[in-house]
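Keep the sequence and the 3D view open as you read.

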Amino acid sequence: MIKVLIVDDQNLIRQGLKALLELEADLEIIGEAENGENAINFISQLQPDVVLMDVRMPIMDGVAATREIHKRFAQVKVLVLTTFDNDEYVAAALQNGAMGYLLKDTPSEELAVAIRAVHKGYTQLGPGIVKKLLTQFPAVTVSELSPPPSLAELTPREKDVLQLIATGANNREIAQKLYISEGTVKNHVTNILNRLNLRDRTQAAIFANTFSAYLNN
């Protein structure tokens, strides 16, 4: 059972999320908090596995709370869930320890999948978020960098998967576009991360963006 704490200053949002996520047999909503300060107090008491964190809240916002949680409760995973896809919010949340960033219009079933993935240590970014994140990094031309030898070890299919990761596609979307199973996609993603010595999908997206010309060869 994955224990989830919902943090949002709007009671209606908290109640809606709770009602939807409680339909998932492996998710348990153990508490709600209306701001980051209350969230930290709840974490001390309840020890959640995953925190669903809003960004804009009174007293302590989601970015500041995420930073404090990352420092004090390293085992707790933070998944930002907000209406704002502002570049600064995305970068600040991830830089301060968030494991994912989704918008509130994310379908409930996809949110549940993201919670499970974050709980396992995988980064989860909503559609379009990867492109926004990439804008936070200095532009580098291919001529300035040489790809690592391990790139040549990727199969053509793994390169296809890597390119789709760079667009922000999730495993289901990749499977549909490549006409393969989600299980096969997961295996490809694992192989890609291991061969390129990358930590997560975010690093894979940045890698793909940097060496996109080589992926097309």
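**Questions and answers**

Q: Is Tyr 179 buried or exposed?
A: Tyr 179 has a relative accessibility of 76%. Buried means under 20% relative accessible area, exposed over 50%, and partly exposed in between, with a 1.4 Å probe and protein chains only. So Tyr 179 counts as exposed.

Q: What kind of model is this, and how are residues numbered?
A: This is a predicted model, in which local features need pLDDT of at least 70, side-chain atom pairs count only at pLDDT 80 or more, and totals for chains, interfaces and linings use all residues. Side-chain values use heavy atoms, with hydrogens and water left out, and residues are numbered from 1 along each chain as its sequence is written.

Q: Where is the place of Tyr 179?
A: Helices (H or I, at least four residues) and strands (E, at least two) are DSSP runs, numbered from the N terminus. Phi of Tyr 179 is near 60 degrees, a positive value in a residue other than glycine. Most residues other than glycine have a negative phi. The place of Tyr 179 is the loop between H8 and H9.

Q: What is the phi of Ile 59?
A: Ile 59 sits in the loop between strand E3 (50-53) and helix H3 (62-72). Ile 59 counts as exposed because its relative accessibility is 66%. Ile 59 is not a glycine, yet its phi is positive, at about 70 degrees.

Q: What volume does the largest pocket have?
A: The search uses a 1 Å grid over the protein atoms alone; a pocket is an open set of points where a 1.4 Å probe fits, with protein on both sides within 12 Å along at least five of seven lines. Grid points are joined across faces, edges and corners, and a volume is the space filled by probe spheres set on the points. For the largest pocket that volume is about 820 Å³.

Q: Which element gives the most to the lining of the largest pocket?
A: Lining residues have an atom within 4 Å of a point. The largest pocket has 30 of them, and Val 113, Ala 117, Gln 124, Asn 170 and Asn 171 lie nearest its centre. Two or more residues each come from helix H5 (108-119), strand E6 (124-125), helix H8 (171-178), helix H9 (182-196) and H10. The element that gives the most, with 6 residues, is H5.

Q: How many residues in the lining of the largest pocket are charged?
A: Ala, Val, Leu, Ile, Met, Phe, Trp, Tyr, Cys and Pro count as nonpolar, Asp, Glu, Lys and Arg as charged, and the others, Gly among them, as polar. The lining has 12 nonpolar and 9 polar residues. The number of charged residues is 9.

Q: Which residues is Asn 171 in contact with, beyond its neighbours within four places in sequence?
A: Asn 171 lies in helix H8. Its relative accessible area is 16%, so Asn 171 is buried. Contact means heavy atoms within 4.5 Å. The partners of Asn 171 are Glu 182, Val 185, Lys 186, Val 189 and Arg 201.

Q: How many residues of helix H10 are buried?
A: Helix H10 spans residues 201-210 and is mostly covered. Its buried residues include Arg 201, Phe 207 and Thr 210.

Q: What separates the C-alpha atoms of Met 1 and Glu 28?
A: Met 1 lies in the segment before strand E1 (2-7). Met 1 is exposed because its relative accessible area is 63%. Leaving aside neighbours within four places in sequence, Met 1 is in contact with Ala 25, Asp 26, Leu 27, Glu 28 and Asp 49. Met 1 and Glu 28 are 27 residues apart along the chain, and their C-alpha atoms are separated by 6.6 Å.

Q: Is Val 78 buried or exposed?
A: Val 78 is found in strand E4 (residues 77-82). Beyond its neighbours within four places in sequence, its contacts include Val 51, Met 53 and Ile 69. With a relative accessible area of 2%, Val 78 is buried.
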